[in-house]
Amino acid sequence: MSKTAICMVGAAGKMGRRIIALGLDDNDIEIGGAVESKESSFLGKDIGEVIGVGNLGVKISDNIVETAKDSDVLIDFTFKTATLSNLDAYLEAGKPIVIGTTGFEDSEVEEIKKLSEKIPVLLAPNMSLGVNLTFKVLEMVAKAIGNIYDIEIIEAHHRMKKDAPSGTAMKMAEVVAKATGRNLDSDAVYCRRGLIGERTDKEIGIQTIRAGDIVGEHTVMFCGNGERIEITHKAHTRDTFAKGALSAAKWIKDKPAGFYSMFDVLNL
């Protein structure tokens, strides 16, 4: 199998750096390009120097189309405003793309889906194997329980995370809502304070914690009278997400245009 050359968009960010670093240790990956915003202080610097591994001969650029020419797949870990503003450039580049950015509204996901009509697009709120297996477990449990148990979701991340709730928490909520016939638009509750009264039978609580350097923790509670089921995933390092992104890049390299997820990569 030939190597997969990746162009990292958001190369100087925390996830971008880890993806590139782990890509260097992957015999099936090459670093074909590195992209940052026009305002970045890292423009023109070698990405190897930025991540502390020495010169790689890959300069950080703000031109996605030109930088992508030497790559097979683009990987985007930026912010939703950056991702959305780059969609035209991704279309012009014409390369498959893996998007790990989170926080998109439904209408914004539809914009990304339009891009997938022309090129292969993989969008995932979380790329770790464990989290995606957890999604499947949640679906199974929620279908079995139905509306008998109350459902609460609690997520915790580091103090610098900008969106809330996390994309992973919202995906978990979508999974259990679909499995139990609930509607997040009407049944999700994101904050409780004061005299709120008793919860409704269909309520899905989604609570957020932001503190310290927590990488990512998600717990879904199915609470009944006399017992409760808790399903928890804890990420101890960003490497789990980075490895997933590299696996996704290798998987999508030769795929036709379409809208994909990590379920496709993992054949779940």
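Two strands count as paired here if DSSP finds at least two bridges between them. The strands themselves, and the helices, are DSSP runs numbered from the N terminus: E over at least two residues for strands, H or I over at least four for helices.

Good morning, everyone. What you see is a predicted model, where local features need pLDDT of at least 70 and side-chain atom pairs count only at pLDDT 80 or more, while totals for chains, interfaces and linings use all residues. Residues are numbered from 1 along each chain as its sequence is written, and side-chain values use heavy atoms, with hydrogens and water left out.

For landmarks, find E152 opposite M221 in strand 10, and E155 with its bridge partner T208 in strand 9.

Now, back to strand 7 for E152. Is E152 buried or exposed? It counts as buried because its relative accessible area is 13%, and the cut-offs are under 20% for buried, over 50% for exposed and partly exposed in between, using a 1.4 Å probe and protein chains only. Its side chain makes a polar contact of 2.7 Å with that of R192. By polar contact I mean N or O atoms within 3.5 Å; within protein, one must be able to donate a hydrogen and the other to accept it, and residues adjacent in sequence count only if both atoms are side-chain atoms.

What about annotations? The unreviewed UniProt entry marks H157 and K161 as "active site"; positions follow the numbering used here, feature names are shortened, and such annotations may be inferred rather than shown by experiment. K161 is in the loop between strand 7 and helix 8 (167-180). Contacts are heavy atoms within 4.5 Å. Leaving aside neighbours up to four places away in sequence, K161 touches T102, S166 and R210. With neighbours within four places likewise set aside, the contacts of H157 include S166, R210 and H218.

Finally, the nonpolar cores: sets of buried Ala, Val, Leu, Ile, Met, Phe, Trp, Tyr and Cys residues joined through side-chain atoms within 4.5 Å. The largest has 33 residues, and I19, I75, V98 and L122 have the most contacts inside it. Helix 10 (239-252) is among the elements supplying at least two of its residues, and gives the largest share, seven. Apart from this core lies another, of 24 residues, among them F135, I153, M172 and L184.
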